Amino acid sequence: MMFVVGYSPDLHGFSHTPSQILDCPIGTEKVEPSGTEIAQVPLLSEIAAVAQECCDAGWDGYGAEPVSLGTYRLAHRLALGLPDALPIPSVGAEPDGSLTFDWYRDPSHVLSLSIAPDGRLYFAANVGSRRRSGSDDFTGVLPAEVVDLINTILPA
Amino acid sequence: MTHDGSEVDPSEPVARFLFSLRRDVRPQDGSIRPERLYPYKYVELSVSVLGSRTPEEIWRAGDAVGSELPEPKPCIGRADLLAQAFYAQALKVVRVESPSDPGHADVTGWPPEKEAQKQIALDIIAKGKPVFVERKLATPTPASE
């Protein structure tokens, strides 16, 4: 099994699909996946799919910034750093080029986490009647507060 | 951006045009993803006041937004909510002239901090309950043999 993570300004391609090879002359990385990466294939594939869909300027019709290779790599690293017991988030993209990890039960129980192009994490959460939001530098793992909020929103 | 228009009445329905079902709408319950309500790039959010326009007129305005996409495509739906949902978050909804959308308005007054914008978007969805209105695009009928 081989993962290819590649990006080319011409091809605008991201791929993390084992069976798919991208002919990307710029920034192609072919890596043997670790055990953690294999376990996270669904999430990593979703990150790649969203980045692929949103890698052109104006992708939302309202002037959004493109998701860059750098942001994609940050999101990839964030995904690999998620605690094993945490539910798998859904992935989205934001108009400033950030990628979003989203843990959702209902509109009153949700945490939205952005990984921004500048390497900062921004989060906001509704936990019943409680509201929590903040930001932090991304160090490779989720802040403990964010993990606690997710476990409250989506208890095991 | 200059806002020389009037404020939209809180009871008026407004819409945000959508172009990707997978990216914009949660499959669990059809709710709108909060990223679709984040202001950018001038700390403003573009919306369209529905007013008394026909569905065709509204979708035409959505298609005008879709024509700005890197690969132009028709609008697939919209998120409808009352302007009051924004006023409840201490924002304003101000009409702005637009050649492609006679109902164009901007939601202004957002805080500059990203985490605060994210929180406001979550609250708009929780309390304003935007509704996903899917556009029924006509499927081409196959040519008769």
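The following exercises, with worked solutions, concern a predicted model.

**Exercise 1.** Determine in which order the six strands of the open sheet in chain B are arranged, and which are the edge strands.

*Solution.* Step 1: the order across the open sheet of chain B is β4-β5-β2-β1-β3-β6, with antiparallel pairing. Step 2: β4 (92-95) and β6 (131-134) of chain B each pair on one side only, and these are the edge strands. Step 3: from one strand to the next, the twist averages 40 degrees.

**Exercise 2.** State how many bridges join strand β2 to strand β5 in chain B, and identify the bridge partner of B:L45.

*Solution.* Step 1: strand β2 (residues 45-49) and strand β5 (residues 104-108) of chain B run antiparallel and are joined by four bridges. Step 2: B:L45 has B:V107 in β5(B) as its bridge partner.

**Exercise 3.** Identify the strands of chain B across which helix α2 lies.

*Solution.* Helix α2 (residues 55-66) of chain B lies across β1 (13-18), β3 (77-82) and β6 of chain B. Its angle to β1(B) is about 40 degrees.

**Exercise 4.** Classify B:Q117 as buried or exposed.

*Solution.* Step 1: B:Q117 is located in helix α4 (residues 114-128) of chain B. Step 2: the relative accessibility of B:Q117 is 10%, and buried means under 20%; B:Q117 therefore counts as buried. Step 3: leaving aside residues up to four places away in sequence, B:Q117 touches B:Y38, B:P39, B:V43, B:W110, B:P111 and B:P112.

**Exercise 5.** Describe the order of elements in chain A.

*Solution.* Step 1: chain A contains four helices and seven strands. Step 2: from the N terminus on, they run β-β-α-α-α-β-β-β-β-β-α.

Note on methods:
Residues numbered from 1 in each chain as written. Chains lettered and ligands numbered in written order. Predicted model: local features only at pLDDT ≥ 70, side-chain atom pairs only at ≥ 80, totals over all residues. Heavy atoms only, no water. Helix = DSSP H or I, 4+ residues; strand = E, 2+ residues; numbered from the N terminus. Buried < 20%, exposed > 50% of the residue type's maximum accessible area, 1.4 Å probe, protein only. Contact = heavy atoms within 4.5 Å. Pairing = 2+ DSSP bridges. Axes fitted to C-alpha atoms, helices over the stretch in contact; angles between N-to-C directions.
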